[in-house]
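I opened the model and kept notes as I went. The entries follow the order in which I looked things up.

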Amino acid sequence: PARSGERELVWCGLAFLLALTVRAAFTLNFPTIHGGDAAARLAHASTLKLGYQLPLPQAFVMLGKAISDDPLFVRLVFCALGGLLVSGVTALVSIGPGPRAAVFAALLLSFDPLLIHYSIVPYQESAAYGLLAWAFYFALSGRPRIGACVIAAACLSRYEAWLFLPPFVWLARSRLTAAVACV
C-alpha cells in the first residue's frame, strides 16, 4: 500500500492534470486573448520588467515565447500555472481537513470559472497564488526552507503575496527561513 505522502502526491498530480486539461480545452477552443495586462505581456514578450508589474509572470511569457512564437504556447504555460494553483491548494487541504476535502477542493478549483478565466491568459494570479499555496504546504509539512524559496517566488509574481510573509515567517519559526523568504 502507498504511504500517505505518496497518495498525497498522486492526488496533487491528478489535480494538476485535471486543471491543466480543463484550461487547455478553453484555451484551444477560445483563442481570443482577454485583458489589457495579458495583451501587454504578450506584446512586450522580450521585456522582463513592464511598468509596475512584478517580473516572474513575464519571465514565464519570455520562456514561452522563446520556445514558440505562437501566443497559444504562452497561454498553455499559464494553463500549467493554473494547474499549479489547483494542485497547491489540493496539497494544502490534504494536510488540513484531509484527503476527501482535498479531492473536493481539486474538483471545485479545476472547474471554477473565475480561476479558469485568470489562468488561460498571461495574468499573474495563478502563479502567485499557486506558489503561495505550495509555500504554506511546504512550511506545514516540515520543509520550511523550500517553502521560503517558493514564497519568495510568489512575492515576485504579485504584490498581494507580500501580505502572506508575516504569517509564513511566524509559521516557519526560523531566522534563516525568514531571511530567505523576505529577500
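**Entry 1: Ala15**

I started at Ala15, which lies in helix α1 (residues 4-29). Helices here are DSSP runs of H or I with at least four residues, numbered from the N terminus. The model is predicted, so local features need pLDDT of at least 70 and side-chain atom pairs count only at pLDDT 80 or more, while totals for chains, interfaces and linings use all residues. Residues are numbered from 1 along each chain as its sequence is written, and side-chain values use heavy atoms, with hydrogens and water left out.

Is Ala15 buried or exposed? Ala15 is buried, because its relative accessible area is 3%. The cut-offs are under 20% for buried, over 50% for exposed, and partly exposed in between, with a 1.4 Å probe and protein chains only.

I then listed the contacts of Ala15, setting aside neighbours within four places in sequence: Val86, Ser87, Thr90, Ala106 and Ser110. Contact means heavy atoms within 4.5 Å. I also checked Ala15 against Ser110: they are 95 residues apart in sequence, and their C-alpha atoms are 7.4 Å apart in space.

**Entry 2: α4 and α5**

Next I took helix α4 (residues 71-95) and helix α5 (residues 99-110). Their axes come within 8 Å and cross at roughly 160°. Axes are lines fitted to C-alpha atoms, for helices over the stretch in contact, and angles run from 0 to 180 degrees between N-to-C directions.

I noted α4 and α5 as roughly antiparallel because of that angle. The classes are under 35 degrees for roughly parallel, over 145 for roughly antiparallel, 65 to 115 for roughly perpendicular, and oblique for the rest. The crossing of α4 and α5 is right-handed. Right-handed means the near helix is turned clockwise from the far one by less than a right angle, and left-handed means anticlockwise.

Which residues meet here? From α4 I found Val86, Val89, Thr90, Val93 and Ser94. They meet Pro99, Ala101, Ala102, Ala105, Ala106, Leu109 and Ser110 in α5.

I also looked at Leu107, another entry in helix α5. Leu107 is partly exposed because its relative accessible area is 43%. Leu107 and Thr90 are 17 residues apart in sequence and 9.3 Å apart in space, C-alpha to C-alpha.

**Entry 3: Gln53**

I found Gln53 in the loop between α2 (36-43) and α3 (55-67). Gln53 counts as buried because its relative accessibility is 8%. Its side chain makes a polar contact of 3.2 Å with the side chain of Arg41. A polar contact is a pair of N or O atoms within 3.5 Å; within protein, one must be able to donate a hydrogen and the other to accept it, and residues adjacent in sequence count only if both atoms are side-chain atoms. Beyond four places in sequence, Gln53 is in contact with Asp37 and Arg41.

**Entry 4: Glu125**

Glu125 sits in helix α7 (residues 125-140). I logged Glu125 as buried because its relative accessibility is 15%. What joins the side chains of Glu125 and Arg158? I found a polar contact of 3.0 Å between them. Not counting residues up to four places away in sequence, Glu125 touches Tyr118, Gly130 and Arg158.

**Entry 5: the largest nonpolar core**

I turned to the largest nonpolar core, which has 21 residues. Such a core is a set of buried Ala, Val, Leu, Ile, Met, Phe, Trp, Tyr and Cys residues joined through side-chain atoms within 4.5 Å. Leu132, Trp134, Val150, Ile151, Phe168 and Ala181 touch the most other members. At least two residues of this core come from each of α7, α8 (144-155) and α9 (165-172). The largest share, 8 residues, is from α7.

I checked Val150 separately: leaving aside neighbours within four places in sequence, it is in contact with Leu131, Trp134, Ala135 and Phe138.

I also looked at Ala154 in helix α8. Ala154 counts as buried because its relative accessibility is 0%. With neighbours within four places left aside, Ala154 is in contact with Ala128, Leu131, Leu132 and Ala161.

**Entry 6: α7 and α9**

The axes of α7 and α9 are 9 Å apart, and the packing angle is about 15°. The two helices are therefore roughly parallel to each other. α7 passes α9 in a left-handed crossing. Ala135, Phe136, Ala139 and Leu140 in α7 meet Pro167, Phe168 and Leu171 in α9.
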